[in-house]
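Biologist: I would like to go through this model with you, starting with its packing and then its strands. Please show it first.

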Amino acid sequence: MGRVSTSRRTPLPSSDRTDVAARLREALLACDFTADGLLELLGAPAYAALARSETVPALRATRGDSPLETLVRLFLLQQPVPRESAAKSLPVADCLAGGWLVPAGEGEVAAVVDVRPYGGPAGEDWFIVSDLGCAVGGAGGIGSADEGVVLGVGGASTTLAQLTVRTPVDSALDLGTGSGVQALHATRHATRVSATDVNPRALEITRLTLALSGAAEADLLRGSLFDPVGERTFDLVVSNPPFVISPAGPFGDEPAGSGEQGAGRLVYRDGGMNGDDLCRTLVQQAGERLNERGYAQFLANWQHIEGEEWTERVRSWVPRGCDAWIVQREVQDITQYVELWLRDAGAHRGDPARYAARYDAWLQEFEASGTKAIGFGWITLRRNATAEPSITVEEWPHPVEQPLGDTVHAHFMRQDYLRAHDDAALLEGHFRLAAEVVQEQIGLPGAEDPEHVVLRQHRGMRRATQVDTVGAGFAGVCDGSLSAGRILDAIAQLLGEDPVLLRDRTPAQIRLLVEQGFLEPVAG
């Protein structure tokens, strides 16, 4: 999955000194160095700017000498602060001995790593450790100087964390852990957590993240893909892998291993395989690493190849014995994609001629493979070795309501239900309209009847689906008390239709409403 350069790196704090991490955590919390505390201190605009790696508003908001302002300048803004000021809030001697701080100039100290407050899903006060200047996705040019840096929590990290099914499990694996965000979340509901990465620095930073967050330790293993875990299987596998599809060879005149773009890739984001092979390999290998009914959840990129349906491409990745739900959230043409990731590496800030050469090399490789666009999305597998697999591949670029972990779990539960119920059994079933589903009627003003009736969700995936009069009437009276067949008989009598014919043609519509989450099966 890439090489790890060892040059130009600040030594990390000692991960063996858990006593120092515990005292540092206690000091940070005592000063309200938390996500809520930062929002109150900085204000919403400066807080949001900091999430975009823009520091000027936060610098202006921390010109005082309070303990919290000092901590923000020290750990988030990477500014040296007077040792006397740091001593008002931190055990400075311990932090120096443990390697969290270093002397910097006359009577000043500086942070060795970025420490960012991060609110857990149940209100936990956690801290994400990362390399200096790399707290948020988009390394701001750091990656172009050193390919082995470890980024903090960004949009992709939080997206995956909110997608993950959080049922209690015995074992969980965070593959390609980075700064340990997914492993940290997994400690809340998994008895044993393992985390892997090709970058040994990432494993050390994950250890620091867990220790500083007061979380349980994880089994940290170095290596690529599933190699470090041998033949072990898990109840949950999560990965925000280095999914960027980048050229296979060096750019221009840069020698491989130069540490700048090396073999044309950055270890924190680029897969080290041709095209989308890393994501494909990860998905294909995940099936045999899951326990029965276990989940594997990934973020991924995939190529849109000329003359090939993208849906069939990603469908072919699904391993045997697994259900799958694959959602394409975004598509970029190849020029947009190249520009995004060249800027992520800071290439646009350097020599224009080298930037143009990199851009050209990337386009040349895409054109050679017939790639016309790149898709980004979510892939969820569930091990199911006992029934006919259910595979859903769809495009959904619309807003959703996070977190979606419960929605993902409910999707697969509904697939189980539909698989176990033929049309006759479906008509014997009882259903309830899901929460916050509304009906919209669309038509010309003054028309006697609407042209379309649409059901719309305001929770989860926030889907909308068109239904006919029977479907709308059926959904509207579903409260779990009557079977589907009895409701259809009543609708047939109301509309003057043959109840047998209505029973014959309506199950497909009921099945769709259940599949998409508008109707929920309930015990009769």
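Biologist: Which residues have the most contacts inside the largest nonpolar core?

Modeller: This is a predicted model. Its largest nonpolar core has 76 residues. Strand β10, residues 290–305, gives the most to this core, with seven residues. The residues with the most contacts inside the core are F298, I379 and L381.

Biologist: Leaving aside neighbours within four places in sequence, what is L381 in contact with?

Modeller: Contact here means heavy atoms within 4.5 Å. With those sequence neighbours left aside, the partners of L381 include V283, A286, V318, P319, D323 and A324. Also among them are L290, G294, Y295, A296 and F298.

Biologist: How many residues does the second, separate core have?

Modeller: L28, V81, L90 and V112 are among the members of this second core. The core is separate and has 38 residues.

Biologist: Why is one side of β15 and of β17 left without a neighbour in the sheet?

Modeller: The three strands form an open sheet in the order β15-β16-β17, with antiparallel pairing. β15 (437–442) and β17 (464–467) each have a single partner strand, so one side of each lacks a neighbour because both stand at the edges.

Biologist: What is the bridge partner of R456 in β17?

Modeller: Strand β16, residues 452–457, pairs with β17 in the antiparallel sense over four bridges. In β17, the partner of R456 is A464.

Biologist: What angle does the direction of helix α18 make with that of β17?

Modeller: Helix α18, residues 469–477, packs on the sheet and touches β15, β16 and β17. The angle between its direction and that of β17 is about 120°.

Terms used: Residues numbered from 1 in each chain as written. Predicted model: local features only at pLDDT ≥ 70, side-chain atom pairs only at ≥ 80, totals over all residues. Heavy atoms only, no water. Core = buried A, V, L, I, M, F, W, Y, C linked by side-chain atoms within 4.5 Å. Buried < 20%, exposed > 50% of the residue type's maximum accessible area, 1.4 Å probe, protein only. Helix = DSSP H or I, 4+ residues; strand = E, 2+ residues; numbered from the N terminus. Pairing = 2+ DSSP bridges. Axes fitted to C-alpha atoms, helices over the stretch in contact; angles between N-to-C directions.
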